[in-house]
There are 2 protein chains.
Amino acid sequence: MYFTTIHQMTKMLDNLGRCLEKGAAHAKARSFDPAVLLNARLAPDQFHLTRQVQAACDAAKFAAARLAGRDPPRHEDREQTVDELRARVADTAAYLRTFTADDFAGAGERVVPLGWLPGKGLLGRDYLTELAAPNFYFHVATAYSILRHNGVDLGKADFIGSLALRDV
Amino acid sequence: MYFTTIHQMTKMLDNLGRCLEKGAAHAKARSFDPAVLLNARLAPDQFHLTRQVQAACDAAKFAAARLAGRDPPRHEDREQTVDELRARVADTAAYLRTFTADDFAGAGERVVPLGWLPGKGLLGRDYLTELAAPNFYFHVATAYSILRHNGVDLGKADFIGSLALRDV
């Protein structure tokens, strides 16, 4: 379950990178500065696109690291361009790919402390299901929605990505 | 993993119902017809709020039913008001609550056919991870974003909901 979810997050990050690429292509085709997209948001008190993407990357990075008991790599949140943001996404996906199923042995029963709630934590299984996965999907879907709202030609398939189809 | 995810979807539907309630309260406080929210969307060729909520309910209902090998209940998609939409959400959550962990024995290895892709299907474990869960979160997050974009006072805690906190 832990490795499966981290593996799935890797695919979702790859999908997110392609959505950003489509955003940059849209800006180029319409001759506007891609920074307009990076600074776009759906509500004035909500994260803009860059911060949504950084938050999605952090959600995935921290999920993998905390469940495996590793120290996550630091990111300085200095991305200013679509290329830099895509590099952040790719870097996070590459980090997730360093994990194996064995890294998550016993992850469900270990308590993950919550940095923003001193003295409190969640069992690994609750941390993944109740917090890490919904939070990750929240930021990926919101990034997608910001691009979609700004006219980028995206559909559900861009969000979902490839499927391990079988004949029935 | 299967029961855990369905259980989590139940909580997310409860959260979604409360977000819709906040939407209705916002419309009342600002003296506008709540149907404006129900018909709101983030892009002209995207589902409006009502359809996003129906899609979230269907994603959860079909995930539980297909993984357990049950026939899902039918819904006619006739919701016209916030109260009717909240009832749809509550009805779906109640349906999910009829499942037990035993219902999903062997679910990961059974092939789930895909109605929209004749002749193709996914192993239950891939169906849940690659399609059902991301699709569910996509529609819940988009419903949230539509409300947020229209000024409803929502924050991340409304999306995430309660956590099984422990002392550390």
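Predicted model: local features only at pLDDT ≥ 70, side-chain atom pairs only at ≥ 80, totals over all residues.
Residues are numbered from 1 along each chain as its sequence is written, chains are lettered from A in the order in which they are written, and side-chain values use heavy atoms, without hydrogens and water.

Q: How many aromatic pairs does the structure hold over all chains?
A: There are 13, where rings of Phe, Tyr and Trp (its six-membered ring) pair if their centres lie within 6.5 Å; planes under 30 degrees apart count as stacked, over 60 as edge-to-face and the rest as tilted.

Q: Why is the pair of Phe99(A) and Phe104(A) called stacked?
A: The ring centres are 5.6 Å apart and the planes lie at 20 degrees, so the pair is stacked.

Q: What makes Phe99(A) buried?
A: Its relative accessible area is 3%, and buried means under 20% (exposed is over 50%, partly exposed in between; 1.4 Å probe, protein chains only). Phe104(A), at 4% relative accessibility, counts as buried too.

Q: What makes the aromatic pair of Tyr144(B) and Phe159(B) edge-to-face?
A: The angle between the planes is 70 degrees, with 5.9 Å centre to centre. Both Tyr144(B) and Phe159(B) are buried.

Q: How do you know that Arg66(A) lies over the face of Phe62(A)?
A: Arg66(A) is at 4.3 Å from the ring centre; a charge sits over a ring if NZ of Lys or CZ of Arg is within 6 Å of the ring centre and within 35 degrees of the ring normal. In chain B, Lys61(B) lies over the face of Phe62(B), at 5.0 Å from the ring centre.
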